[in-house]
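I opened the notebook to record what I looked up, entry by entry, with the cut-offs beside the terms.

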Amino acid sequence: MTAVNTLKDKKTFNVALVGATGAVGEEMLKILEERNFPIKTLKLLASARSKGKKYSFRGQSHGVEELTEQSFKGIDIVLSSAGGSISKKFMPAAVREGAVVIDNTSAYRMDPEVPLVVPEINPEDIFKHKGIIANPNCSTIIMLVPLFPIYRKAGIKSVKVATYQSVSGAGAKAMHELERQSREFLDGKPVTREILPHQIAFNLFSHNSQVKENGYNEEENKMANETRKIFHDEDIRVAATCVRVPIYRAHSEAIYAELKKPLKVSEARELLSKADGVKLVDDRDKNYFPMPIEASGKDDILVGRLREDISADNSLALFVSGDQLRKGAALNAIQIAERLIR
Ligand code: A2P
């Protein structure tokens with residue numbers, strides 16, 4: 001990979017969205033508009049199936065083009081979210097054309113040459129890129145943004161986490177599947193299955209990624225490996241149980257963190273009340289805590305249920321909800337792009 005970063009001298013940018021018609025791609029389009037990203041030209045790329053499909057951006061209609069290796073001439077920034085195999089196949093061509101790729105797939109995340117970035121945590125890594133910057137897995141981002149202020153203050157030895165992951169993480173078609181199955185179930189019809197491996201409406205199941213030799217599925221292994229890379233900490237140990245639940249778009253997580261130094265719950269609450277990217281929702285009297293329905297469409301990760309983990313020394317328990325499509329994917333990628341051009 002050759003690094004051709006000409007972004008510094010420009011004020012507006014030619015941007016390509018790869019996977020523009022997907023759940024994350026459509027969210028990216030919204031966020032680019034909301035945050036007034038300095039775009040000179042915008043290219044929407046997807047498969048041949050979507051050629052000609054139209055999207056409105058800043059009041060103008062943009063047609064979707066078919067992604068090919070020739071798509072990247074003159075492009076400055078590529079935001080890619082069409083799946084790992086598409087990234088592996090096409091992103092080297094984008095880098096050859098001099099674009100910087102922010103890749104929202106697992107294709108390059110663990111490549112030692114590729115920075116893996118959450119802007120609230122390791123923004124300095126952005127500038128080590130050689131053409132590609134990877135956006136972490138959604139469950140990892142949603143866990144690490146609230147853990148980072150605690151990590152910085154008290155250190156973290158290990159984390160145990162159980163996720164409650166929405167169907168948006170499996171793409172737009174999985175979101176439609178939840179809706180269709182819910183209707184079928186309530187209408188007393190047989191529930192049909194096309195995308196997800198099991199019925200999701202009125203059910204939940206272990207995350208639909210392959211179970212590896214260590215007994216953890218890919219999603220669970222990503223949470224462990226990506227945490228070490230983002231924190232630059234080879235010693236932190238993460239054991240995850242990832243579960244798909246019948247929720248549209250925000251992921252929730254029950255997190256237990258074993259700390260290196262003592263930290264009072266009140267101190268953790270104080271830290272989190274000031275942390276970037278986090279909103280405290282922690283009202284014990286009203287039994288009011290983070291909920292995916294309230295995290296949906298929001299930029300902040302909601303964090304609450306802060307308490308001592310009474311099963312271990314120096315341990316904290318918390319519960320978080322974060323919008324998988326925004327901070328878990330599209331927003332984080334665009335925040336990386338914003339830092340890159342700043
Ligand atoms: P398309 O809508 O044309 O299939 P999601 O994760 O929500 O399912 O979205 C996947 C995204 O990746 C969509 O934009 C999809 O486009 C795109 N995509 C899938 N396969 C290809 C391909 N072979 N070439 C380009 N884009 C692809």
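I took helices (H or I, at least four residues) and strands (E, at least two) as DSSP runs, numbered from the N terminus, and the expected span of a helix as 1.5 Å times one less than its number of residues. The model is predicted, and local features need pLDDT of at least 70, side-chain atom pairs count only at pLDDT 80 or more, and totals for chains, interfaces and linings use all residues. Residues are numbered from 1 along each chain as its sequence is written, and side-chain values use heavy atoms, with hydrogens and water left out.

Entry on H2. I looked up helix H2, residues 84-96, and found that its 13 residues reach 19 Å from the first C-alpha to the last, close to the 18 Å expected at 1.5 Å a residue. A kink of about 40 degrees lies at phenylalanine 90, shortly before proline 92; the bend at a residue is the angle between axes fitted to the seven residues ending there and the seven starting there. I then asked which residues of H2 are buried, and noted Ser87, Phe90, Met91, Ala93, Ala94 and Val95, where buried means under 20% relative accessible area, exposed over 50%, and partly exposed in between (1.4 Å probe, protein chains only). These buried residues pack against strands E1 (13-18), E5 (77-80), E6 (100-103) and E7 (132-134), with contact meaning heavy atoms within 4.5 Å. Just after H2, glycine 98 takes a positive phi of about 95 degrees.

Entry on H5. Helix H5, residues 218-231, has 14 residues and reaches 20 Å from its first C-alpha to its last, close to the 20 Å expected at 1.5 Å a residue. I noted H5 as mostly covered, since 10 of its 14 residues are buried, including Glu219, Glu220, Met223 and Phe231. The buried residues of H5 pack against helix H3 (138-154) and strands E8 (156-165), E10 (237-244) and E11 (250-259).

Most residues other than glycine have a negative phi. I therefore looked up phenylalanine 202, which counts as exposed at 51% relative accessibility; its phi is near 55 degrees, and its place is in the loop between helix H4 (172-186) and strand E9 (205-206). Asparagine 314 has a phi near 45 degrees, also a positive value in a residue other than glycine. Asparagine 314 lies in the loop between strand E13 (301-308) and strand E14 (315-323) and counts as partly exposed, at 34% relative accessibility.

Entry on two buried residues. Isoleucine 334 is found in helix H8, residues 326-341, and is buried, with a relative accessible area of 0%. Leaving aside neighbours within four places in sequence, isoleucine 334 is in contact with Met28, Ile31, Leu32, Arg35, Phe37 and Leu79. Aspartate 282, in the loop between strand E12 (278-280) and helix H7 (292-295), is buried as well, with a relative accessible area of 16%. Not counting residues up to four places away in sequence, aspartate 282 touches Arg269, Tyr288, Phe289, Val303, Gly304, Arg305 and Leu306. I also noted that aspartate 282 and proline 92 are 190 residues apart in sequence and 45 Å apart in space, C-alpha to C-alpha.
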